[in-house]
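Please open the model in your viewer and keep the selection panel at hand.

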Amino acid sequence: MRSVYVNEYEVFLRYYERPFWMMLLVGFICSVGTYYVGLQFPEVAKQLSAAIADSMDEQGSMQPPPFQDFLSILSNNLLVGFMIILLGFIPIYGVPFIYGIISFTAIGVLLSFGKLMGLDVMKLFFAAFVPHGVIEVIPICYCVAVGMFINQQIIKKLFFRKKQTLTINMMIVCSVRSYVYVILPFFMLAAFVEAYITAYLS
């Protein structure tokens with residue numbers, strides 16, 4: 001098992017590191033920027049917050065049992081992660097970043113709405129986002145990095161045929177390995193914390 005993660009770390013350094021940190025930086029900037037924009041346009045912030053809340057609360061007003069909540073959160077996160085990676089096959093540079101940016105801007109929108117409602121933003125942030133959000137941001141950025149790795153390889157294959165690229169099979173094997181050994185465990189941990197800890201703090 002150790003050799004698997006040593007190999008994964010080498011892959012990270014070679015292919016994922018730059019887009020991973022770039023997504024983290026851009027995501028942070030988007031969250032902060034969206035927060036301040038939301039304060040300037042309260043009606044927009046209210047409408048977007050309502051849309052986000054509706055998409056996150058498909059189960060209705062009743063709080064499901066923690067284990068059911070865990071499975072629901074995990075399946076949703078795994079689907080989002082899969083979609084981010086899948087976007088890498090679209091031969092337009094940077095497409096996987098779009099999904100990642102949406103995830104980060106949602107935080108800024110919800111915090112700005114909380115501020116407009118007179119809530120303590122720092123308390124809201126630490127109670128509703130920090131416990132699981134700090135963990136969840138890692139696999140989201142990792143998914144973006146894997147998606148960008150595929151995206152770059154596909155673009156090189158289609159438009160820069162002389163440049164050396166990996167085969168489709170190698171890209172898929174590399175991506176699946178990253179999904180199973182890195183993304184899945186982090187999403188599982190984030191879902192557990194959100195279902196069993198964050199739900200009771202917020």
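Predicted model: local features only at pLDDT ≥ 70, side-chain atom pairs only at ≥ 80, totals over all residues.

Residues are numbered from 1 along each chain as its sequence is written, and side-chain values use heavy atoms, with hydrogens and water left out.

Select helix H3 (residues 66-86) and helix H6 (residues 130-159): their axes come within 7 Å and cross at roughly 25 degrees. H3 is therefore roughly parallel to H6 (angles under 35 degrees). Helices are DSSP runs (H or I, at least four residues), numbered from the N terminus; axes are lines fitted to C-alpha atoms over the stretch in contact, with angles from 0 to 180 degrees between N-to-C directions.

Next, display the side of H3 with Asn77, Gly81, Ile84 and Ile85, which meet Glu136, Cys143, Val144, Val146, Gly147 and Ile150 in H6 (contact means heavy atoms within 4.5 Å). By class, this contact has six nonpolar, three polar and one charged residues (Ala, Val, Leu, Ile, Met, Phe, Trp, Tyr, Cys and Pro count as nonpolar, Asp, Glu, Lys and Arg as charged, and the others, Gly among them, as polar).

**The nonpolar core**

Select Tyr16, Tyr142, Phe149 and Ile183, which touch the most other members of the 36-residue largest nonpolar core (buried Ala, Val, Leu, Ile, Met, Phe, Trp, Tyr and Cys residues joined through side-chain atoms within 4.5 Å). H6 supplies the largest share of this core, twelve residues. Centre on Ile183: its contacts, not counting residues up to four places away in sequence, are Ile85, Pro139, Tyr142, Cys143, Val146 and Ser178.

**Helix pair H1 and H4**

Now select H1 and H4, which pack at about 30 degrees with their axes 7 Å apart. H1 is thus roughly parallel to H4, and their crossing is right-handed. By class, their contact has 15 nonpolar, eight polar and one charged residues.

**Met23**

Finish at Met23, in helix H1 (residues 2-40). Is Met23 buried or exposed? Met23 is buried, with a relative accessible area of 0% (buried means under 20%, exposed over 50%, partly exposed in between, with a 1.4 Å probe and protein chains only). Not counting residues up to four places away in sequence, Met23 touches Phe97, Gly100, Ile101, Phe104, Cys141 and Val144.

Definitions and conventions
Helix = DSSP H or I, 4+ residues; strand = E, 2+ residues; numbered from the N terminus. Parallel < 35°, antiparallel > 145°, perpendicular 65-115°, else oblique. Left-handed = near helix turned anticlockwise from the far one by under 90°.
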